[in-house]
Each structure stands twice: as structure tokens, then as C-alpha cells.
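Work through the exercises below with the sequence and the structure at hand. Each task is followed by its solution.

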Amino acid sequence: MYSPPSFSTTAAPPVAKTTGTGRLLRRVIVALLIVSGLLTLAYSAASLYIATQLVYAPQKAIYATPASLGLQFRDVTFPSRIDHLPLRGWFIPGVLPGGRLTARRTIIVVHGSRANRADQAAGLLDLSGAFARQGFAVLAFDMRGSGESPSAPLSLGYFEQRDVLGAIDFLRTGPLPYPALGRPRIIGGWGVSMGAATLLLAASQEPAIRAVVSDSAYADILPILEREVPRGGHLPPLFTPGALLAAQALYGIDYYDVRPVDVVAGIAPRPIFFIHGAADTYVPPSNLALLASAARTASGASVQTWLVPGANHAQAYHTQTQEYVARVMAFFTGTLGPDSGR
Amino acid sequence: MSTRLSASTAVPVQNRRAGGLGTPVLMGLMPLLALLVVVSATLLAVALVRQLTAAAGFFTQQQVSLIFLICGLALAALVYIVALTRTCRRIATWQARGDRRARAALLALLATALIVALPVVLAIVLPQSPAP
């Protein structure tokens with residue numbers, strides 16, 4: 001017959017007491033674990049979704065070609081540096097007085113985000129035409145994910161700088177159209193908005209870019225993303241860091257590294273002309289001051305600035321077209337030198 | 001026979017009460033460790049897949065990466081739940097025996113809950129300076 005040992009009756013009360021409070025504690029902690037797990041899971045999923053939206057920009061069709069301006073041009077395709085994406089563009093030879101064509105001084109034209117090489121809003125095609133008529137050849141191309149170039153995530157300069165570097169490689173060693181004109185002897189760059197920031201990032205690594213015109217560039221993309229991500233998604237700001245990390249996990253884009261302000265001093269002694277709309281509500285004009293003062297920290301820096309009154313983001317060309325063209329041409333003529341045609 | 005059974009159960013309980021706290025702490029951190037392993041493996045796999053599918057174009061690359069990440073998230077959630085369930089069962093057993101390891105495991109589990117919530121907490125408290 002079973003007889004319980006005596007020690008079990010004496011040990012019972014403390015065990016029962018511990019189990020009662022312990023069970024409650026366990027339930028509270030498990031509830032915490034479930035809530036924190038669900039919160040983090042939901043946060044991760046939302047961040048992933050925002051990241052996919054952040055990098056997506058529908059590719060706009062090219063609405064016109066330089067032929068509409070009465071200019072000669074050739075379609076070109078060249079690879080980006082490092083990842084060799086085939087980029088599409090136009091090579092427009094410069095027109096000298098008397099109608100002779102030239103490619104001695106070539107300007108790379110870099111468009112902004114969600115645009116292409118013929119961007120009407122920023123006046124890219126018209127400006128390319130103005131460059132050509134002033135005797136500057138133009139290489140206008142679609143960066144990755146834009147126009148007729150292959151689809152790619154919008155990285156706001158992080159990957160796009162490879163496209164500008166690819167354009168330099170193409171001008172120096174690629175199969176240029178108009179072989180009779182020879183290769184460019186000197187190369188300059190003009191960029192607007194994201195294109196300007198990308199050009200600054202590329203020029204800091206590539207000394208072949210001898211002069212830079214930067215129109216409406218941002219000094220650092222992070223403050224703009226911290227404003228735009230919550231605004232675009234109608235979400236609280238806490239999702240921005242998650243979305244940026246998700247973009248890094250999904251696409252390898254480090255938006256925290258898109259800071260032209262950190263590298264712009266490396267462009268010196270090559271001259272830079274910063275242009276910005278005084279009424280820019282997207283990239284505030286303070287970005288011009290930040291970039292210009294950072295560029296001036298370098299010894300031998302040559303920095304010009306022009307704050308265009310009344311111009312909103314990337315609208316300086318449209319706001320003061322004649323003065324814009326005159327100032328930019330004067331800058332490039334002064335820095336790249338004249339083309340005598342010989 | 002009955003006396004022998006009771007004695008054999010009682011002796012190990014006494015031993016466990018006097019045992020180290022390494023095992024229960026590890027047990028409490030198990031859901032977190034499992035989560036970290038799965039998330040790390042997922043991120044590595046996505047990085048690898050992104051390289052492998054780079055030539056196929058952006059949309060293919062994005063879809064494959066997303067599928068890997070979503071599967072990774074689902075797997076992480078599953079592993080987290082399984083590890084949590086196992087840990088809770090073990091803690092319940094220890095609690096029923098009055099084993100002091102239960103308290104250590106519960107504290108480790110609490111730490112796990114706080115660490116799992118850390119990304120969201122950090123995102124809330126992280127200073128941001130949006131452009132005007």
C-alpha cells in the first residue's frame with residue numbers, strides 16, 4: 001500500500017507559493033514577448049514595403065530629341081563603371097561659328113530624379129541645345145532606372161555616380177560617334193538636383209571632370225528623406241530609419257553615405273559653380289551654403305555661387321533663362337577654355 | 001518501491017536547486033538567439049541572392065530578394081514562437097518544482113522581450129533632423 005514520505009508534506013506549501021506568483025510573472029513576460037515580437041515584425045514588414053516604394057520611380061519616356069532643336073546627334077550606349085549597366089544617351093557635337101562640328105570641349109549633362117536626359121521641367125534638352133550652339137559637345141544620358149536605361153532602384157546618387165563615371169570612361173576610351181571629331185580634350189559636368197549631387201560625388205573621385213556646374217544639389221540626402229518618407233507614406237517618422245535599413249538589406253543602398261558635403265572639397269582646385277533657387281522648398285537653399293562652404297575649405301578652391309531669386313527647386317533655368325545660360329556658358333568658357341576650332 | 005521512487009525524484013531536485021544559472025539564462029535567451037541566427041542567415045542569403053540575380057535586372061532582383069526576406073521573416077517568427085514555447089514549458093516545469101532556475105530563466109526571457117522590441121524603441125527615440 002502506498003504511503004507518502006513525510007518530507008513531501010512539509011515541502012508542499014513553499015512550492016505552491018512560488019508557482020502562484022511565478023505563473024503570473026511568466027504570463028506577463030510571455031505577453032511582453034509576444035507584443036514585442038509582433039511590433040518588431042510589423043515594423044520590419046512596413047519598413048520593407050516603404051523601401052520598395054522609396055526606390056521605385058516609373059521611367060518616363062523621352063518626349064523629344066535634339067533634332068527638334070535642329071541639332072545633329074547620335075544615340076549612344078555605354079556601360080556604367082563597376083557594374084556595367086548599359087546606359088542610353090545622346091552625343092551632340094558642339095557647333096562652332098561657321099557650322100563646323102567639334103567635340104574638343106564636352107559637357108556631361110546629368111538629369112535629376114524621376115526624370116530623363118530630355119527633362120522638360122528642368123529644361124535639359126533646351127540647355128543641351130544651348131551648350132551645343134555655344135561650341136560645347138554634349139553627352140546627355142539616362143541614368144540607371146531612368147528614360148531608356150535599364151530599370152534600377154533609385155539610390156539618389158549612391159549607385160548613380162557609377163553612371164557618371166561610366167560616361168567619363170566612354171568619352172575617354174569608348175567608341176564615340178563622329179570619329180572625325182576626335183576625343184574630347186577637356187570634360188566638364190552640369191547636373192541638376194540628384195544629378196548635381198551625383199556629379200559632385202563622381203567628380204570627387206574622377207579628376208577628368210575639369211569643371212562642375214551644380215544646380216540645386218543637396219548637401220546630404222538624409223534630412224530630405226527624413227522629411228519626405230513620412231510625408232509620402234503618411235506615416236510617423238519612426239519608419240524612416242527602418243525603411244533606410246531595409247533599402248540597404250534589399251538593394252545594398254546606403255543612403256547615409258549620400259553626402260556630397262563630405263567630398264566636395266576633394267574637387268578642388270577644379271572650379272565649381274553652385275546654383276540654387278532662393279525659393280526652393282524641396283532642397284532648401286541652405287544646402288548651397290553648406291556645399292559652398294565645404295568646397296571652400298580646400299586649398300586652391302575655386303567656388304562660385306548664384307542664388308536665383310524666386311526660383312523653386314530645379315527651376316533656375318526656367319526662371320532666368322537668359323542669365324542662366326549666360327552665366328553657365330561664361331563659367332565653362334572660363335574654366336574649360338575657348339575652342340578655336342584648330 | 002514507492003519510497004524508492006519518491007527518493008529518486010527528490011534527490012535531483014535538490015541538486016538542481018543548488019546548480020548554476022548558466023543553463024536557465026541560456027534557455028531564456030534561446031528565442032532571441034534563434035531569432036538572431038535566422039535574421040543573420042536571411043540577410044546573408046539576400047545579399048548573396050542580390051549578387052547572383054544582378055544580371056537578371058532590377059525587377060527580378062527585387063522580387064527574389066523580397067521573397068527571401070519575407071520567407072526569412074516568416075521563418076524568424078516561427079522559430080521565435082517555437083523557441084518561446086519550449087522555454088515557457090521548461091520554466092513552468094521548474095516553477096512547479098520550486099526550482100530557482102525558473103526565476104533566472106524568466107529574467108533572461110524579460111531581457112529577450114526588451115531586446116526584441118529594441119529596433120522599434122530605437123526608431124522612436126533616434127534623433128531625426130528633417131529638412132524644413
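pLDDT is the predictor's confidence in each residue, on a scale from 0 to 100. It applies here because this is a predicted model.

**Exercise 1.** State how confident the predictor is in chain A, and where pLDDT stays under 50.

*Solution.* Begin with the average: the mean pLDDT of chain A is 91. Next, take the share of residues that reach 70 or more, which is 94%. Then turn to residues 1-17 of chain A, where pLDDT stays under 50. For this stretch the model has seven contacts beyond four places in sequence.

**Exercise 2.** Compare the radius of gyration of chain A with that of a compact globule of 342 residues.

*Solution.* The globule would have a radius of gyration near 20 Å. Chain A has 28 Å. Now look at the box filled by its C-alpha atoms: along the principal axes, the box is roughly 120 × 40 × 35 Å.

**Exercise 3.** Describe the make-up of chain A: its secondary structure, burial and contacts.

*Solution.* Count the elements of chain A: 10 helices and 10 strands. Of its 342 residues, 51% are buried. Finally, take the contacts with a separation of 6 or more: 72% of them join residues 24 or more positions apart.

**Exercise 4.** Where does helix α4 of chain B bend, and which of its residues are buried?

*Solution.* The helix covers residues 101-125 and reaches 34 Å from its first C-alpha to its last, close to the expected 36 Å. α4(B) bends by about 50 degrees at B:L118. A proline, B:P119, follows within four residues. Buried residues of α4(B) include B:A105, B:L109, B:T112 and B:V116. An α-helix has 3.6 residues a turn, so residues three or four places apart point the same way.

Technical notes
Residues are numbered from 1 along each chain as its sequence is written. Chains are lettered from A and ligands numbered from 1 in the order in which they are written. This is a predicted model: local features need pLDDT of at least 70, side-chain atom pairs count only at pLDDT 80 or more; totals for chains, interfaces and linings use all residues. Helices (H or I, at least four residues) and strands (E, at least two) are DSSP runs, numbered from the N terminus. The expected span of a helix is 1.5 Å times one less than its number of residues. The bend at a residue is the angle between axes fitted to the seven residues ending there and the seven starting there. A residue is buried if 20 or more other C-beta atoms lie within 10 Å of its own, exposed if 12 or fewer, and partly exposed in between; C-beta atoms are placed from the backbone. Two residues are in contact if their C-beta atoms, placed from the backbone, lie within 7 Å. The radius of gyration is taken over C-alpha atoms; the globule rule is 2.2 Å times the number of residues to the power 0.38.
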